[in-house]
Amino acid sequence: VTDVDRGPGPDFDPAPAITNLRLLAERTGGPDGAARLAWTPVWEEARGLAVEIAGEDFAAERDRAGNLWFLPHGPRRPLVVLGSHLDSVPNGGWLDGALGVIAGIEVARRLQPAADAAGLTLAVVDWADEEGARFGRSLYGSASFVGSLDPAQLEKLEDTDGERAVDVLAASGVDLGSLGRPESRLAEIAAYLELHIEQGPVLERAGIDTCAVSGTVGIERERLDFVGQPAHAGPTPMEGRRDAFLAAAETAVALEEMAVEAGGRVTTGRLELEPGVPTVVPGRASLYVDLRHGDADELRRMRERALSIAAGTAARRGCEVSREHVWGIEPRAFDPRLVALAQRACQEVTGERHDAIESGALHDAAEMAAKVPTAMIFCASLRGLSHAPEEDSTEQALELSLRAFYGLAAKTLDAVS
Ligand SMILES: [Zn+2]
């Protein structure tokens, strides 16, 4: 794409947002990556810096769940909310989440007069603990906000140091007893928009810098527990062993093929063996299976097939298998009208028209999309890397995606009013 091919696009300078993102990366990260783990001092520092960046133009306030809101002064009208998350995984990337929050602040600052004219309020939100990196509960803040989080689930959670989520959240001023129902502000929201990095290689491979997102995939997470017979590695012949690990391993390989056929994704990212001794045939193997698909029926079929594959391999190896459903979320399609506006906003800055792409990663937008009209824009990631210090995007992709996001926000104000 040359400059000549590009439409004029909206008049928005992306430089302040990029400068502030670099400042945030410097202050809350380093060569080992971003260190904005939720509910830690570095995360609080990142939030403090965002409040400084927002400055006099916004009042900052926390809701019951600990989400940080930036609200312009003046009369409160129906809200168009721009949001994402400042928290990161340990050794995370500088753009994951931070891009959307910092972009939101600059875009809301610039568009507030237009929002006033449209009879709307442009607010920004930094969702708390999107990553779930410490306690294993992703989308905590946005799920709490819409009322889809069951506080009872949090009561069991501990981090790797044995600190309880309940205590850590309480120290941050969150009263679990107050969660479990939607925040009243939800009823005031007319639309939710999020800018995020893609975190995968699809856009870069297609030579696209910024693109609308059609929705997020559905996910089913299962733990498969294979039980065989522990036995001595020496005297026990190879024939007739009941090796729980081999049953799990064979299942994992078969699931790969199944996912390819189904056009979905499967990841077996965690395996626990018992007794976990080199000289003992594993008697127990717990395999975590993460299944993803954009279509709810296909996802259900993938899950059924996964369970029957596991049952088949277990039986062939003389093992038993049981399953525990760990977690799941339905596929979420974003609002078609807002997705069309996002496509147009991207086209205006790149000069190219592209189909909206599906997000294989979850975002806070998935929780919001269940309740309010929602759209997202992606910024292409370099080499598809994310959740790693190497996470990056080209300057051009950053600039274009910021300008496209501004265009989407402006169009949304028009459409909603
Ligand atoms: Zn993120």
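In which strand is the place of Ala333? The legends below take up this residue first, and they describe close-up views of a predicted model.

View A. The place of Ala333 is in strand β15, which covers residues 332-333. With a relative accessible area of 63%, Ala333 is exposed, because a value over 50% counts as such. When neighbours within four places in sequence are left aside, Ala333 is in contact with Ser214, Gly215 and Ala369. Ala370 is 37 residues away from Ala333 along the chain, and the C-alpha atoms of these two residues are separated by 8.8 Å.

View B. Not counting residues up to four places away in sequence, Thr121 touches Pro72, Pro75, Arg76, Arg77, Pro78, Leu79, Val80 and Gln112. One of these contacts, Leu79, is 42 residues from Thr121 in sequence, while the two C-alpha atoms are 4.8 Å apart in space.

View C. In the predicted model, the zinc ion is coordinated by NE2 of His85, OD of Asp96 and NE2 of His196, at distances of 2.0 to 2.2 Å. Along the chain, the donors of the zinc ion follow the spacing H-x10-D-x99-H. Asp96 lies in the loop between β5 (79-84) and α3 (98-117), whereas His196 lies in strand β7 (residues 189-197), so the pair ties together parts that are 100 residues apart in sequence. Asp96 counts as buried at 4% relative accessibility, and His196 is likewise buried, with a relative accessible area of 1%.

**View D. The packing of helix α1 with helix α12.** Helix α1 (residues 15-28) and helix α12 (residues 395-416) pack with their axes 10 Å apart and at an angle of about 120 degrees. The two helices are therefore oblique to each other, and α1 passes α12 in a right-handed crossing. On the α1 side the contact is made by Ala17, Ile18 and Arg22, which meet Glu395, Leu398, Glu399 and Leu402 in α12. Sorted by class, the contact of α1 with α12 has four nonpolar and three charged residues, and no polar ones.

**View E. The cis peptide bond between Glu274 and Pro275.** Glu274 and Pro275 are joined by a cis peptide bond, for which omega is about 0 degrees. Pro275 has its place in the loop between β11 (265-274) and β12 (280-281).

**View F. Leu139 and His387, two residues other than glycine with positive phi**. Phi of Leu139 is near 60 degrees, and this residue has its place in the loop between β6 and α4 (140-146). Leu139 is buried, with a relative accessible area of 0%. Phi of His387 is near 55 degrees, which is again a positive value in a residue other than glycine, and His387 has its place in the loop between β17 (374-379) and α12. At 40% relative accessibility, His387 counts as partly exposed, because this value falls between the limits of 20% and 50%.

Conventions:
Residues are numbered from 1 along each chain as its sequence is written. This is a predicted model: local features need pLDDT of at least 70, side-chain atom pairs count only at pLDDT 80 or more; totals for chains, interfaces and linings use all residues. Side-chain values use heavy atoms; hydrogens and water are left out. Axes are lines fitted to C-alpha atoms, for helices over the stretch in contact, and angles run from 0 to 180 degrees between N-to-C directions. Helices (H or I, at least four residues) and strands (E, at least two) are DSSP runs, numbered from the N terminus. Angles under 35 degrees count as roughly parallel, over 145 as roughly antiparallel, 65 to 115 as roughly perpendicular and the rest as oblique. A crossing is left-handed if the near helix is turned anticlockwise from the far one by less than a right angle, and right-handed if clockwise. Contact means heavy atoms within 4.5 Å. Ala, Val, Leu, Ile, Met, Phe, Trp, Tyr, Cys and Pro count as nonpolar, Asp, Glu, Lys and Arg as charged, and the others, Gly among them, as polar. Donors are N, O and S atoms within 2.8 Å of the metal (3.2 Å for Na, K and Ca); water is not among the atoms, so sites may look incomplete. Buried means under 20% relative accessible area, exposed over 50%, partly exposed in between (1.4 Å probe, protein chains only).
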